[in-house]
Amino acid sequence: MPHSSSFSRRTFLAVSALSLASAALPLPALASAWPSKPIRMIVAFPVGGPTDTIARFIAHELSQRLGQSIIVDNRPGASGSVGTRQFLRSRNDGYTISMFGMPALIAPIVHRNNLYDVRKDFTSVATVYDLPYVIVINPKLMPQVNDLQQLIAASKTQDINYSTPGAGSMAHLAMEQLKDLGGFDMLHVAYNGSAPAITDLLGGHLSVMMADTIAAMPHIQAGTLKAIALGSATGKAFLPDVQSIAEQGFPGFDVSTWSGLIVPNDTPQEVSDRLNAELSQLLAQPQLQQKMMQLGALATYEPAAQMQARINSEYERWNKVADEVDISNA
C-alpha cells in the first residue's frame, strides 16, 4: 500500500509539472505552428467593390506565402460597420483577419451611435494600398467643362447633381468640404457603392462623381468619362496630365482612400509579426506593384505603428470635417 501511494504521488507531481510547463508557453507554440488551417479574411464591403477587389488579390498572394487558404468572407452593410462589428467579435486566435477600408473609419463619425472606436478596438498589422480619388464628369452632359474651376462656374448657372458611393462616405465628406471651401453648390445623390453610381453617371442620370480609380479608370481610358481633378497628387500615377484639386485653387486639399490589414486585439504578437513581414516582402515586389496598378490601386506598405498613427490622424481630420459641414446620422 505505501508503495502504491508513493507511486501515485510521484505520478501526480510529474503530470502537474508537465501541465504547468505546457501552460507557460501556449502562444509561442501556437505561433510556431501558425497557420495550420485556413484563415478567414472578413471584408466589410460588397463583392466587386474596390476593397473586395484588392482584398481578394492580396488574399491569394498571401496564401501562397503562408501555405494555407485565405477565405474572403464579405459582410457588407452600413458603410462597412456591419462587417467590422462582426470582426470585432471574432476569436483572437490568429485565424480571423480583416481588410480594413476607410469607409469603416468614417462610419462611426457620421453615425453617432458608438459603433466602435477605430483608435483602440482592433490591432493594426500593416497598410496594404492607397486608392486615389478623381472627380469625373459625363462629357456628353457637360462638354464645356474641362477642369474644376469650369465645373464650379457651371454649378452657379445650372443645377448639377453629383454622386458618391454612399451617404457619409469619404467621397461625400470630401465633396461637401470642397463645396464649403469653394462657395458653390451641387446636390448630392448617394448610392450603395461605386458600381451603381458609375452606371447612372454613364447613363446620363448624373453629371459628376467623386470616384475611386478602380471604378473610374476603365471608363476614363475608354473616353466615356472625363477626369477633371485628382483628389491628391498620388492620382498622377494613373493620370499624370490631370491637375489635383490642390493645384486648381484649393492649396492643401488632399483626399484619397486606403486600406490595411487588421487583427482582433490580443491576437498573438507572433502572428501579427508574421503577417507584417509577409506583407512587407509581398508589397515590395515590382510585379505585384504593377498588377495592383492595373487594378487601379497603389501598393503601399506601412508597418503597424505607422498604420495606426494614420488611422488616428484620419479619424481626427474627418471628425472635424463632419462637424464643419454638418454631416451626421445619429
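Predicted model: local features only at pLDDT ≥ 70, side-chain atom pairs only at ≥ 80, totals over all residues.
1. Trp34 and Tyr95 make a tilted pair, with 6.5 Å from centre to centre and 55° between the planes. Trp34 sits in the loop between α2 and β1, and Tyr95 in the loop between α4 and β3, so this pair ties together parts 61 residues apart in sequence. Trp34 is buried at 3% relative accessibility, and Tyr95 is buried at 9%.

2. Phe100 and Phe122 form a tilted pair as well, at 5.0 Å centre to centre and 45° between the planes. Phe100 belongs to strand β3 and Phe122 to the loop between α5 and β4, 22 residues apart. Both Phe100 and Phe122 are buried.

3. Lys37 lies over the face of Tyr95, 4.7 Å from the ring centre. Over the ring of Trp258 sits the charged end of Arg310, at 4.4 Å from its centre.

4. The largest pocket is worth a look, with a volume of about 670 Å³. It is lined by 34 residues, and Phe45, Pro46, Pro165, Gly193 and Ser194 are the closest to its centre. Elements giving two or more residues to the lining include α3, β4, α8 and β9. By class, the lining holds 21 nonpolar, 12 polar and 1 charged residues.

5. Finally, Ala153 is in helix α6, residues 148-155. With 46% relative accessibility, Ala153 counts as partly exposed. Its C-alpha atom is 8.4 Å from that of Phe184, 31 residues apart along the chain.

Technical notes. Residues numbered from 1 in each chain as written. Heavy atoms only, no water. Helix = DSSP H or I, 4+ residues; strand = E, 2+ residues; numbered from the N terminus. Buried < 20%, exposed > 50% of the residue type's maximum accessible area, 1.4 Å probe, protein only. 1 Å grid on protein atoms, 1.4 Å probe; cavity = no way out; pocket = protein on both sides within 12 Å on 5 of 7 lines; lining within 4 Å. Points joined across faces, edges and corners; volume = space filled by probe spheres on them. Nonpolar A, V, L, I, M, F, W, Y, C, P; charged D, E, K, R; others polar. Phe/Tyr/Trp six-rings, centres within 6.5 Å; stacked < 30°, edge-to-face > 60°. Lys NZ or Arg CZ within 6 Å of the ring centre and 35° of its normal.
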